[in-house]
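This explanation goes through one protein chain step by step.

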Amino acid sequence: MSELLLPVRTRGAVVRLLVRIPGAAFECGPFAAYLDTGASVTVLDHGVVRSLGAEPVAEAGLHVLGRDEVSHHGVYHVEVALADALAADRKWLPLEILDGTVNPKGTAAALGRDFLAHFVLTYDGPSHRARLCW
């Protein structure tokens, strides 16, 4: 089983992500992406989606906890992989992502539970570390 050990900082655990249109040889990245256990879906920054040349397949409304309004986003089919994984261990995952502004600053993606469902995530609070296994 492959694994990645990550420091957990104030903004959470951050990985480096590669993104491509399904089946394409061309990939973008690596981009900083944080693990968002509170999100059901993955959100990818508008700029990354544009650089892929991806076309939306649908539109979805997103309600974020603490906000009154629903925001509307394009839905895109992409494949993502961990750039930090060794090439032999790299696994491309098909996802339906939303485009949008990603917080915290400096990251291009918020990886939700749709992404995390492909991994075992262990959080070690006292050591401020997370372990991602696949």
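In this predicted model, the side chain of Thr42 makes a polar contact with the side chain of Asp114, at 2.8 Å. The Thr42 side chain also reaches the backbone nitrogen of Gly112, at 3.1 Å. Thr42 belongs to the loop between β3 (28-35) and β4 (43-45). Its relative accessible area is 1%, so Thr42 counts as buried, the limit being under 20%. Setting aside neighbours within four places in sequence, the residues in contact with Thr42 are Leu95, Ile97, Leu98, Ala110, Leu111, Gly112, Asp114 and Phe115.

With residues up to four places away in sequence not counted, Phe115 touches Leu17, Leu35, Thr42, Val80, Leu82, Leu93 and Leu95. The largest nonpolar core has 31 residues, and the members that touch the most others are Val15, Leu35, Leu82 and Phe115. Two of these, Leu35 and Leu82, are also in the list of residues that Phe115 touches. Another core lies apart from the largest one and has 7 residues, including Val43, Leu62, Val75 and Leu98.

The charged pairs come next. How many salt bridges does a search of the whole structure find? The search finds 3. One joins the side chains of Glu3 and Arg131, with an N to O distance of 3.2 Å. Glu3 is in strand β1 (residues 3-9) and Arg131 is in strand β10 (residues 129-133), so that this pair links parts of the chain 128 residues apart. Both ends are partly exposed: the relative accessibility is 42% for Glu3 and 36% for Arg131.

A further salt bridge is formed by the side chains of Arg16 and Asp84, at 2.7 Å from N to O. Arg16 sits in strand β2 (residues 12-20), while Asp84 sits in the loop between β6 (70-82) and β7 (93-100), and the two are 68 residues apart. Arg16 has a relative accessible area of 40% and is partly exposed; Asp84, at 29%, is partly exposed as well.

In the remaining pair, the side chains of Glu79 and Arg20 meet at 2.6 Å, N to O.

The view can now be widened to the chain. The protein chain has 2 helices and 10 strands, and their order along the sequence is β-β-β-β-α-β-β-β-β-α-β-β. Among contacts between residues at least 6 apart in sequence, 59% join residues at least 24 apart. Of the 134 residues in the chain, 42% are buried.

As for overall dimensions, the C-alpha trace spans about 40 × 40 × 25 Å along its principal axes. A compact globule of 134 residues would have a radius of gyration near 14 Å, and the 15 Å of this chain agrees with that value. The chain exposes about 7,500 Å², of which carbon and sulfur atoms supply 54%.

Terms used: Residues are numbered from 1 along each chain as its sequence is written. This is a predicted model: local features need pLDDT of at least 70, side-chain atom pairs count only at pLDDT 80 or more; totals for chains, interfaces and linings use all residues. Side-chain values use heavy atoms; hydrogens and water are left out. A salt bridge is a side-chain nitrogen of Lys or Arg within 4 Å of a carboxyl oxygen of Asp or Glu. Helices (H or I, at least four residues) and strands (E, at least two) are DSSP runs, numbered from the N terminus. Buried means under 20% relative accessible area, exposed over 50%, partly exposed in between (1.4 Å probe, protein chains only). A nonpolar core is a set of buried Ala, Val, Leu, Ile, Met, Phe, Trp, Tyr and Cys residues joined through side-chain atoms within 4.5 Å. Contact means heavy atoms within 4.5 Å. The radius of gyration is taken over C-alpha atoms; the globule rule is 2.2 Å times the number of residues to the power 0.38. Accessible areas come from the Shrake-Rupley method with a 1.4 Å probe; for residues, only the protein chains shown count as cover. A polar contact is a pair of N or O atoms within 3.5 Å; within protein, one must be able to donate a hydrogen and the other to accept it, and residues adjacent in sequence count only if both atoms are side-chain atoms.
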